[in-house]
There are 2 protein chains.
Amino acid sequence: MPAGTVGETPLYQVVADALRARIRSGDLRPGDRLPTEHELMAEYGVSRNTVRLALNLLTAEGLITGGRGRAGRVVRLRELITIHVAHHDEPGRGAGNEDSPFIEAVHGHGFRPSQEIEVAVRRAPDGIAEKLGLAKDALVVLRSRLRLLNGDACSIADSYYPYELVKDTPIMEPYDIKRGAIGLLAERGWVQNRYVDEVSTRMPSPDEARRLGLSPGIPVLFQIRTGYVDDKPIRVTRTMLRGDRHRLVYELPS
Amino acid sequence: MPAGTVGETPLYQVVADALRARIRSGDLRPGDRLPTEHELMAEYGVSRNTVRLALNLLTAEGLITGGRGRAGRVVRLRELITIHVAHHDEPGRGAGNEDSPFIEAVHGHGFRPSQEIEVAVRRAPDGIAEKLGLAKDALVVLRSRLRLLNGDACSIADSYYPYELVKDTPIMEPYDIKRGAIGLLAERGWVQNRYVDEVSTRMPSPDEARRLGLSPGIPVLFQIRTGYVDDKPIRVTRTMLRGDRHRLVYELPS
DNA sequence: CAGTGGTCTAGACCACCGT
DNA sequence: CGGTGGTCTAGACCACTGG
């Protein structure tokens, strides 16, 4: 039964299912090496291309990694970092220090957090001007923070401010902001008292995957936070998080 | 330059990049048909397998659909439904009628929502007993709601209740609950006053993909909500949402 | 160095679907 | 019916990596 067979399940599905079962059952554990492509060819009596179709499938599901050279393929580990983004006991939490949720999230987990900050002035990109209530081509300040864990990129937070609001403030400088950007704006009379989070997911573009060092099969989690003073938006933060590393937690009163 | 070439970008990447560019630029719009595999072979002078590698890549990125028979492949549409899960003006919103956030979300979008409810009594699955503060093998009631839009599955909400709390209530019946499950529990003295949402994402398992009718390249959004009376958990809802259809919105005071 | 995965070709049969 | 994508094989060369 060689070629385009039948109403049965495709061979590469059979192989993929078998491997998936071995992973789910614990026979193959996170970190373990998978059998070689050659071994799988022999084990299931199929061609290499068919084995590779199966392996590609599992990769796209995020179950295994690719593997170059002698390294072989490995069962992927899924270890989520919890980020508390809202907490009804301390309302200030969600709007506090610029990066405290990030820092707190990894605190005490043996991770060594760091970040790289870039600041730019530009015309508001698509969707941001609208959210900030500005004209389509208005100037905004973009603070881009690449967050690293033990040197590995794991999320990108891009904050946009109306230029007129933050010019001549430390927000324009690519350094940590004492008491956070929100606190700094508060000192200048813009006291944020409300924010809206939009959470969504999709597969990354190749460029986004490259920036986060993402391998195939890992989706990204998007969190877009708009901060308001009453009804005036003063800040939009667009955060892109590796889906295999993050969990957002909202704790709220009913 | 036939086989395993070079330090350049792989051929299938070149083809994928070209198609991606045509999609991003608007040359190919959502709903349009892609060129045939044969046409792409001719256009880029590569073998069919190489063309298919490129197309598989774009599929895994969620940019295009598969396509059988004469139907051809199509550029995918990404249209998000907004679900307001928390709203500081109406704290009751997030905990109100069992399915009001779902119904409200699609209200007035020309969608025709419906749902299929199943109820079962079983031992608490992994992670649920813990969240409910029950013994490992305690009995729970599972209310599973498959939510449909115009007949298409788009999310699955599984609610777990301690059996002792809800036996002999309408929660055990596979019908809509008047005033919602939360309201019903409140009438019986269990007034939920706090909840915690955990949001994460990953690629679906084949079974999950089948249940939601998901094609490759579409991640799922997970929302796990634990409802409390003070510190006693009374309900856990695990919602699995198609990533290409949903956006969760949390509106909060600072 | 030796073995692994990465890339590529040429050719084949079949299931499905619109016309 | 005829063309599309789905599945599969056999064989080839190369790049990368660990020992």
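Reader: How are the axes and angles defined for a pair of helices in this predicted model?

Author: The model is a predicted one. Each axis is a line fitted to C-alpha atoms, for helices over the stretch in contact. The angle between N-to-C directions runs from 0 to 180 degrees.

Reader: How are α2(B) and α3(B) oriented to each other?

Author: The axes of α2(B), residues 37–44, and α3(B), residues 48–60, come within 9 Å and cross at roughly 110°. Angles of 65 to 115 degrees count as roughly perpendicular. Therefore α2(B) and α3(B) are roughly perpendicular to each other.

Reader: How many residues of the contact of α2(B) with α3(B) are charged?

Author: From α2(B), the residues E37(B), L40(B) and M41(B) meet R48(B), V51(B), R52(B) and L55(B) of α3(B). Four of the contact residues are nonpolar and none is polar, while the number of charged ones is three.

Reader: In which hand does α1(B) pass α3(B)?

Author: The axes of α1(B), residues 11–24, and α3(B) come within 8 Å and cross at roughly 50°. The two helices α1(B) and α3(B) are therefore oblique to each other. The crossing of α1(B) past α3(B) is right-handed.

Reader: Which residues touch the most other members of the largest nonpolar core?

Author: This core has 20 residues. Elements giving two or more residues to the core are β1, β5 and β8 of chain A together with β1, β5 and β8 of chain B. The residues that touch the most other members are L248(A), Y250(A), L252(A), L248(B), Y250(B) and L252(B).

Key. Residues numbered from 1 in each chain as written. Chains lettered and ligands numbered in written order. Predicted model: local features only at pLDDT ≥ 70, side-chain atom pairs only at ≥ 80, totals over all residues. Heavy atoms only, no water. Helix = DSSP H or I, 4+ residues; strand = E, 2+ residues; numbered from the N terminus. Parallel < 35°, antiparallel > 145°, perpendicular 65-115°, else oblique. Contact = heavy atoms within 4.5 Å. Nonpolar A, V, L, I, M, F, W, Y, C, P; charged D, E, K, R; others polar. Left-handed = near helix turned anticlockwise from the far one by under 90°. Core = buried A, V, L, I, M, F, W, Y, C linked by side-chain atoms within 4.5 Å. Buried < 20%, exposed > 50% of the residue type's maximum accessible area, 1.4 Å probe, protein only.
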